Amino acid sequence: MPRAGRRSLLLLLAALMLVIAGCGSEPEDGPRTLSKREYIAQANGLQQDANTIFAELDGRLAATPAAAQVHVAAFDKLIAGYEALDPPRDWRDEHTAKIEALKTMRHSTLMVSRASARNRTLIEAQVARSKAAQEDFGAAVRSINASR
């Protein structure tokens, strides 16, 4: 084989190896986008954890700092779990809505735990804000379930 032909073949093989090496690897800037099936499988565990927290709060927010810290830590774990997922493009808005709702509920829980028991206005406003965020979370979940 002529020298120029060997060089071309080696360059082609080197280029092919680079392409093959790049296949299947995750981008350096974060996780790969999940398929709908993968997203549902990973989000279901988080959804069960969220339902547990919602049931414990049952429409009210923790009244003591100690109780609030337990729920704030649980919200932090949920938020981190959802932020680690890269949802399918079709569900990005709903995914973002779930994270924002969890952040709102976390903040409201913290605000109530720090408020004076006499500050009924603040407490009632934060409870209402948390309930609305929980409804937003549920609406995002329902939207995803309807589009499976």
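A: A crossing is called left-handed if the near helix is turned anticlockwise from the far one by less than a right angle, and right-handed if clockwise. Helices are DSSP runs of H or I with at least four residues, numbered from the N terminus. The model is predicted, so that local features need pLDDT of at least 70 and side-chain atom pairs count only at pLDDT 80 or more, while totals for chains, interfaces and linings use all residues. Residues are numbered from 1 along each chain as its sequence is written, and side-chain values use heavy atoms, with hydrogens and water left out.

Q: Why are helix 2 and helix 5 called roughly antiparallel?
A: They pack at an angle of about 155°, with their axes 13 Å apart; angles over 145 degrees count as roughly antiparallel and those under 35 as roughly parallel, and helix 2 and helix 5 are therefore roughly antiparallel. Their crossing is left-handed.

Q: Which residues of helix 2 and helix 5 make the contact?
A: Y39, I40, Q47, A50 and F54 of helix 2 meet Q134, F137, V141 and I144 of helix 5, where contact means heavy atoms within 4.5 Å.

Q: Why are helix 2 and helix 4 called roughly parallel?
A: Their axes come within 13 Å and cross at roughly 25°, and helix 2 and helix 4 are therefore roughly parallel. Helix 2 passes helix 4 in a left-handed crossing, and the contact includes Y39 and F54 of helix 2 and L102 and M105 of helix 4.

Q: Which residues does M105 touch, leaving aside those up to four places away in sequence?
A: M105 touches F54, F75, S130, A133, Q134 and F137.

Terms used. Axes fitted to C-alpha atoms, helices over the stretch in contact; angles between N-to-C directions. Helix = DSSP H or I, 4+ residues; strand = E, 2+ residues; numbered from the N terminus. Parallel < 35°, antiparallel > 145°, perpendicular 65-115°, else oblique.
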